[in-house]
Each structure stands twice: as structure tokens, then as C-alpha cells.
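Trainee: I have a structure to study today. Could we go through it together?
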Amino acid sequence: MNISHSLAVLALTAASVPALAEEVSLQLTDDAWINRAQPNANYGAEPILSAHAADQRRALVRFDAAALAGREVTSAKLGLLLQDIDAPARLAVRSLTSGW
């Protein structure tokens, strides 16, 4: 599946004590995709993000989280525009545990 990187949006509901919860939208700052078959390749300049389970392609997106300082995130929604889906697919969202 291909993902249009220009239309990735992360909307969060965050609360700061004692303020009420408010929706915060984070801006996409970086994106890339990686391919297990070509671990040294750099796909950061590609116009699309590519993800495919069979050949181990993973899409990566990074957001500026400065607006969340001092707040507790109570929910999050990730919006992506999916293109070129050639079979039923599931999308899993995970956080990175190592450096970008």
C-alpha cells in the first residue's frame, strides 16, 4: 500500500492539569520508508511512503510533539490517505524505540 505523506495528520486529545481536555493537531515533520531487503537504502526523498508486509517495507512518520509538553494524552487519531491498495490490508501503528 502507498501512503500520501502530505496528508498524514495526528490529532490528539490532551489535558493539562487542571485545564479541560482539548484537541491538538500535530504537524508532520519527517517521513520515510524502510525496506528490510535493502537496509542501507534511503527512501526519505520519495514522494510516497510505501508499506507492505510481504517484503518487509515499513512507513515511518514523525510529528512535532512540542504542543504536548506538560499534558497527558488521553486519546489519539492518526489520519492517512491510502493509495494503491492491491489486497485487503491491516495497518499497525507503533512508536519507535530507537533514534530516527
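Mentor: R62 forms a salt bridge with D30, the closest N and O atoms being 3.3 Å apart. A salt bridge here is a side-chain nitrogen of Lys or Arg within 4 Å of a carboxyl oxygen of Asp or Glu.

Trainee: Which strands do R62 and D30 lie in?

Mentor: R62 belongs to strand β5 (residues 57-63) and D30 to strand β3 (residues 28-35), so the pair ties together parts that are 32 residues apart in sequence. Strands are DSSP runs of E, at least two residues, and helices are runs of H or I, at least four, numbered from the N terminus.

Trainee: How should I read the model and its numbering?

Mentor: This is a predicted model, in which local features need pLDDT of at least 70 and side-chain atom pairs count only at pLDDT 80 or more, while totals for chains, interfaces and linings use all residues. Residues are numbered from 1 along each chain as its sequence is written, and side-chain values use heavy atoms, with hydrogens and water left out.

Trainee: Is R62 buried, partly exposed or exposed?

Mentor: R62 is partly exposed, with a relative accessible area of 32%. Buried means under 20%, exposed over 50%, and partly exposed in between (1.4 Å probe, protein chains only). D30 is also partly exposed, at 31%.

Trainee: How many salt bridges are there by this rule?

Mentor: The count comes to one.

Trainee: New topic: how many helices and strands are in the protein?

Mentor: The protein has zero helices and six strands.

Trainee: What percentage of the residues count as buried?

Mentor: Of the 100 residues, 23% count as buried.
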